[in-house]
Amino acid sequence: MKKNKKSFFSRFYVAICLVFFYLPILVTMIFSFNSSKSLTRFSGFSLRWYQELLHNTEISKAVYVSVTVAILATIISTVLGTVTAIGLTRSRKFLRELLLEINNIPILNPDIVMAIGLMILFSSMGLEKGYFTMLLAHIAFCTPYVITSVYPKVRSLDPNLANAAMDLGATPFQALTKVIVPMIKDGIFAGALLAFTMSFDDFVISYFVSGNGVKNISIIVYNMTKRINPTINALSTLVIVVIVVILVITNVIPRLRKRVGINKTVRRTLTAILCVVTVVFLYAWGNVANQGSRTLKVYNAGEYIDLSLLEKFEEETGCTVIYETFESNEMMYTKLSSGEVYDILIPSDYMIERLIKEEYLQPLDWDQITHADGLMEEVLDPTYDPGNRYSCPYFWGTVGILYDTTVVDEKDLEQGWDLLKNEKYKGNLYMYDSERDSFMVALKALGYSMNTTDMKEIRAAYDWLVEQRGSMEPIYAGDDVIDNMVSGNKAMAVVYSGDASYIISENPDLDYLTPSQGTNVWYDAMVLTRDCSEVGLAHQFIDFMIREDNAVANTQEVGYSSPVKAAFDMMAAEDYEGISSYVPDISNPADETFAYQDPKIKQVYAELWTKIKAE
Amino acid sequence: MKHFRHLIKPYLIWSVVIIVIPLILTFLYAFTTPGNEVLTLSFTLENFTRFAEATYLHVILKSFQLGIAATLICLVLGYPLAYIISKQSESIQSFLILLVTIPMWINMLLRTYAWMNLLSDNGIINNLLSMLGINPLTMMYTDFSVMIGLVCNFMPFMIIPIHTSLAKMDRSFIEAANDLGADPVQTFWKVIWPLSLPGVLNGVMMVFLLALSSFVIPKLLGGGQYMLIGNLIESQFISVGDWNFGSAISLILAMLILIFLRLMRRLDYLDRQDD
């Protein structure tokens, strides 16, 4: 009786733990069948996200990269790690300890440190970033895990085993493969499994060491944070199904083997076939990736384009577009300054100013941009690039407060930015987790310029933010604000006008306020890099993006305000009718645009911002 | 016996190129001033002295607190699970271990997003609660949500090594203890626990290191105010662009981890001495 009770308790505990592990996966799977885009409310069964997955070539390429890199890295690091682990037990103490110490470094160091180190290394070696560098990096961080799982097993072996085998006439190679390896196969298997898991799941290192449009699943997912898209849920559901199928097969085959008697030759043949298939697969893909003689490399913010436009451009010009995305202007700058080469960048105002100053760009030839007449006057001749010598506008807008009309009192709106300090809404708001945008809010609330370099004013803004942090308990969120506000989780959020348009179109209870104290008027624009080798093609691309039909498609997909007059007017009158954020109000003389910051001043802001968040 | 000595040579060369050289580059950055050209290095300790400020020390403290808490929770919850699994028949054991491993193959970011959808104010759990007539709970952007994310992601790293050492254990020890009149509690603390200690140490080390340097999970589930050492390093490299200070912080983190590891090895060593 007692025993029964005990085993019931054990089972119950195991079940609880497994529920805990599988709950997020289950949620992912269920919502892959949701008929709407929401990830919190199930509105009906549909397969639409699976259909989208089929049509999404970017995701299928990423799956290919993830799987092949993981397989190759696992095979190579398992062989390398096992061989090294065996060698280690036989080598001199000094060398052994040294190598084990070195081996620990990648395991102990945070991913980001290793990623940066490898990025600098590959750049200085002149290796072109892409599939190969990603593979090298994965081997680099997988091998140490193999060694740590295999080495203890080798150490626990009787050191005389190999000697005995050789005394009995085995060659060293035979002693290795017939005696030692079979004895440590558990360790090797565990190491290989760990290596595969690490490689398949890696994001940080892959992000920094890859390039030229080579992305794995994690990079795609990370770039999707802006608007979490159930397509990726469909993908992970498929991944789970594939894993389960593989597991069933691997568990059934050994039993079958016992029953049917598959012998060694068959097994070896199967392994050989698998290897050949992998190689052929790799080779074929390498060819596919290199098709098309002319290529254009475009580097844009994540979720910031209608991807079908790229295909359309490829069809019209017969070239290949390599499209990559970044999370922030700073991340783009990091990659650019590490030696990565692109043709077209789409950064923001202050970053463009910096790139011009540091001579990363080349002037545009406006004669080649035939649709320039269609651009709105409001977006031309900006402060960051007088006369538009280097840049052609892409999207534009303001920063403001998105608020829930059912919660926020209309009278309070007059407070402008100080609404964010109104204790009625304590614990009910999101700040944007960005140093410049948050300081902009505080500086504007205090009536200063957001480009100030006056230490007293900066200090006052710092105090404003610290006080707000204490009295309002805001959440400093990134792009997850979008999903949160769509589901109406809080009453207020500081957002970009383009995001506001999208959010309001999904949740009509919200409205957008442009505070009277003035705000940040921002522009994102297309620029040509100094190293651009396809100048003609790059101009064609810019011209293509501001052509009316394409501009309409782009603004419809992204939700940000178009700089092309016809597209802008159409959207304001149709899709986003009545949504004030789509029509940025820039009439306020107190409005400004971010200017390039001196590194010293930037440092000051960055340190203060760290302090605010770490309080 | 010398036959296999040369086997380490390929890795020795490989590791110097791909591990040591990047590390030297990190060192170089940590000890130089920003804006240096390679040829005109000017060395400084400023990147380290800057760190000795209350704010940054607070960040370190918070990271350690979180790392230790996550490790303890993983240990307390993971040990019983590993123990229960190790008592099953062999085929059930490998099946259960597989079940524990599978989630690690599903993208960590995706699992974290799923927790965000579960825990948010208008999320799945709160929707269910409101159907039952219970007031919604605030779970997102709290210590609770961060801990859920960390434990869910890292617990398998605790369970697997503990299970390995429990499964290896010679059953006759337990039988002997029982025969000699030990009660279950005594058997556990005097026999099973010491024998599983290598696995526990391994698991503790893995989880602690992962939790200490994690930055994506705290950022997504805890919000931007969840400033940990990993976030600090990330922001220096990515948003601030001060690689020198970022390198210095990562060296400090590496040093702290090294000290921690020495302590753990010492424990392991003392333990072996006891045997």
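A residue is called buried here if 20 or more other C-beta atoms lie within 10 Å of its own, exposed if 12 or fewer do, and partly exposed in between, with the C-beta atoms placed from the backbone. The structure is a predicted model, in which local features need a pLDDT of at least 70 and side-chain atom pairs count only at pLDDT 80 or more, while totals for chains, interfaces and linings use all residues. Residues are numbered from 1 along each chain as its sequence is written, and chains are lettered from A, with ligands numbered from 1, in the order in which they are written.

Of the 615 residues in chain A, 46% are buried, and of the 275 residues of chain B, 46% count as buried.

Contacts were assigned to pairs of residues whose C-beta atoms, placed from the backbone, lie within 7 Å. In chain A, 78% of the contacts between residues at least 6 apart in sequence join residues at least 24 apart. In chain B, residues 24 or more positions apart account for 70% of the contacts with a separation of 6 or more.

Between the chains, 75 residues of chain B are in contact with 80 residues of chain A. On the side of chain B that touches chain A, the elements that give two or more residues include α1 (9-30), α3 (54-86), α9 (184-213) and α12 (243-274) of chain B. The most is given by α1(B), with twelve residues. This side of chain B divides into 49 nonpolar, 20 polar and six charged residues, where Ala, Val, Leu, Ile, Met, Phe, Trp, Tyr, Cys and Pro count as nonpolar, Asp, Glu, Lys and Arg as charged, and the others, Gly among them, as polar.

Within chain A, helix α15 (residues 329-337) is mostly covered, as seven of its nine residues are buried. These are A:Asn329, A:Glu330, A:Met332, A:Tyr333, A:Thr334, A:Lys335 and A:Leu336. The buried residues of α15(A) pack against β1, β2, β3 and α16 (349-357) of chain A, together with α11 of chain B. After α15(A) comes A:Gly339, whose phi is positive, near 105 degrees.

One of the elements against which α15(A) packs, strand β1 (residues 295-301) of chain A, is itself mostly covered, with six of its seven residues buried. Strands are said to pair if DSSP finds at least two bridges between them. β1(A) pairs with strand β2 (residues 320-326) of chain A in the parallel sense over seven bridges, and A:Val298 stands opposite A:Tyr323 in β2(A). Two bridges also join β1(A) to strand β3 (residues 344-345) of chain A, again in parallel, and here A:Tyr299 stands opposite A:Leu345 in β3(A).

Elsewhere in chain A, helix α4 (residues 93-108) and helix α6 (residues 131-155) have axes that come within 9 Å and cross at roughly 120 degrees, the axes being lines fitted to C-alpha atoms over the stretch in contact, with angles running from 0 to 180 degrees between N-to-C directions. The contact is made by A:Asn103, A:Pro106 and A:Ile107 of α4(A) and by A:Ala140, A:Phe141, A:Pro144, A:Tyr145, A:Ile147 and A:Thr148 of α6(A). By class, this contact has seven nonpolar, two polar and no charged residues.

Finally, A:Lys611 is found in helix α24 (residues 599-614) of chain A. A:Lys611 counts as partly exposed because 19 C-beta neighbours lie inside 10 Å.

Notes: Two residues are in contact if their C-beta atoms, placed from the backbone, lie within 7 Å. Helices (H or I, at least four residues) and strands (E, at least two) are DSSP runs, numbered from the N terminus.
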